[in-house]
Amino acid sequence: MKNRKIKLILVLSTVLLLLFTSLNVFTSFVKMKKTVEESMANQSLVAAESIASAIDKETYQNFLKNPVKNEYYWELTNYLVDAREKLGALVVYTLKIDNPKVSNIMIGGLPKELDDSYSIGVICTVPEKQVKRAFEGNTYATNVIEDPDHGSYLSVGVPIKDEVGKVMGYLGIDISVDTLNDIKRTVLKNNILLFIFNGVFILVVIGSFLLLQRWYQKEVAKEVGYTEDTYQAELKTLITSISSLRHDFTNHIQVLHGLLQLGESKQAQQYVSSLSKEVLAIESLKLNIDHPGLSILLQTKKLAAQNNHIDMNLTVSHDAFDKIKTTDLIIILSNLIDNAIEATIALPKDEREITISCKTNVTHYVFMITNTGPEIIDHEHIFKQGYSTKKAEQGKIRGQGLFIVKEVVNRYNGKFSIDSINELETIAIVEIPLK
C-alpha cells in the first residue's frame, strides 16, 4: 500500500510538472503573439500620425463642407491610396466620430475601380470601446477584428487636426491578419531555438526528477535494509531469551513441585530464595534512558550479555540524542556492541567485561564501547567491506559491521576509531558533531 501511494505521488508530481511546463511554453507563445500584435499596432499608429499630419488640411476642410465625391474627395483618395501602397496596409481611410458609440467612414481610400462599392458616411466596424477613446480625443488600436465582408484585420486610428489643433476627423489604418501572420511566422522562425531550448530544458528537468526519484528509492531501500537487519537480529535475540526464560521457568516449577512432594519445604524455601536473586537481576535490566530506541537496544544487549555471563556496565547521559537519526544510532551501537560481545565470549567467564558510554559534550556526541578480548592486529583492513578476523560460519555474512558503522559515521562528518589498549582490551570510539 505504501509503495502504491509513493508511486501515485510520483506520477502526479510528474504529470503536474509536465502540465505546468507545457502551460509555461503555451503562455510564452501566446504572449509572443500578443507582443507582435502590439508592436504592429504601435508601428501603425506612428505611421498613421505621420500620414494624418501630412494630409492637406484645407482640402479636407473643403471636403467636409460638402461631403460628396468631388475633386477634393478624389485628391484625398489618391493621397490615402498612395500611403496604403507605401505602408503595405489593407486600407487607409478617414472617419467622422461625433458620438461615443459608432463611427462613419468619410473617405474610404479605395482606388476608383473599387470606389463604386462604397458610400460616404457608411458605418465603420471599429468597436465601441475604441470609438469612445477617439471621441475623447485619444488614439486607438483594436484587437483583431473578424469582418465577414473584408476578412480579419487589426485597426488603428489617430486624430486629424487643423492648424489650431482642433480635431476634424480621424485617420484609420487597417492591417491585414495575413500581414500579422507573416510577421508572427518570422518571429517564430527566429525564436525556434528558444522553443527547442525550452523543450530540452523540460526534458532535462523531468529526467533529473526521475533520476533523483530512483536514487531516493535506492537510498531508502538501503537504509531500510540496514535497519531491518538490525531489528531482526535484536528480535531473534529477544525470542531466544524468552524461550530460555520459559524453559528455565518450567524447570524451576518442576524442581519446586518435586521438593514439596518430598516434604523438603526448607530446601524449597532456599530454592525460591535463589530464584528471587535471579528476578532482581532481571529487574536490573530496566534502564533510566531518555531516548526510547536507545533504551530498548541497550536493554536487549544487556540481556544478551547476561545470558552469556558478561559483566556489562552502562553509562548514558540524560540526552535526547536527536541530532542523529534513531536508525543510524541503532546501526552504530548495535554493530559495535555485537562485535564486543563476540570478542568477549572468547574469554573465560570471570574475564568477560563490556563498558558502554553514551555521552554528550559541548560539540559532540561521544559513544565509547570498551571490551575485554583478543587484541586487534590488522588495523588497516578492519574497516573494509567483507574483512573479518572471525571464523567463517555457514549462512552468516562476515565483515559488514565496521564497514557499515564507518559509512554511517562519515555521513555525519564524524570520527570513528577502534584500537586495542592492551593485549586483552579493545576500545571503539564514535564522535558525532552536534552541528
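Predicted model: local features only at pLDDT ≥ 70, side-chain atom pairs only at ≥ 80, totals over all residues.
Local features need pLDDT of at least 70, side-chain atom pairs count only at pLDDT 80 or more, totals for chains, interfaces and linings use all residues, and side-chain values use heavy atoms, with hydrogens and water left out.

**Exercise 1.** Work out the order of the strands in the open sheet, and find its edges.

*Solution.* Start with the terms: strands are DSSP runs of E, at least two residues long, and helices are runs of H or I, at least four, each numbered from the N terminus. Two strands pair if DSSP finds at least two bridges between them. Next, read off the order of the five strands, 2-1-5-4-3, with antiparallel pairing. Strand 2 (104-105) and strand 3 (140-147) each have a single partner strand, so one side of each lacks a neighbour in the sheet.

**Exercise 2.** Look at how strand 4 pairs with strand 5.

*Solution.* Find residues 151-161 for strand 4 and residues 167-176 for strand 5. Nine bridges join them in the antiparallel sense. Then pick out Val158, which stands opposite Leu171 in strand 5.

**Exercise 3.** Which strands does helix 2 lie across, and which does helix 3?

*Solution.* Angles run from 0 to 180 degrees between N-to-C directions of axes, lines fitted to C-alpha atoms, for helices over the stretch in contact (heavy atoms within 4.5 Å). Helix 2 (residues 57-65) lies across strand 1 (91-96), strand 4 and strand 5, at about 100° to strand 5. Helix 3 (residues 71-87) lies across strand 1 and strand 5, at about 135° to strand 1.

Notes
Residues numbered from 1 in each chain as written.
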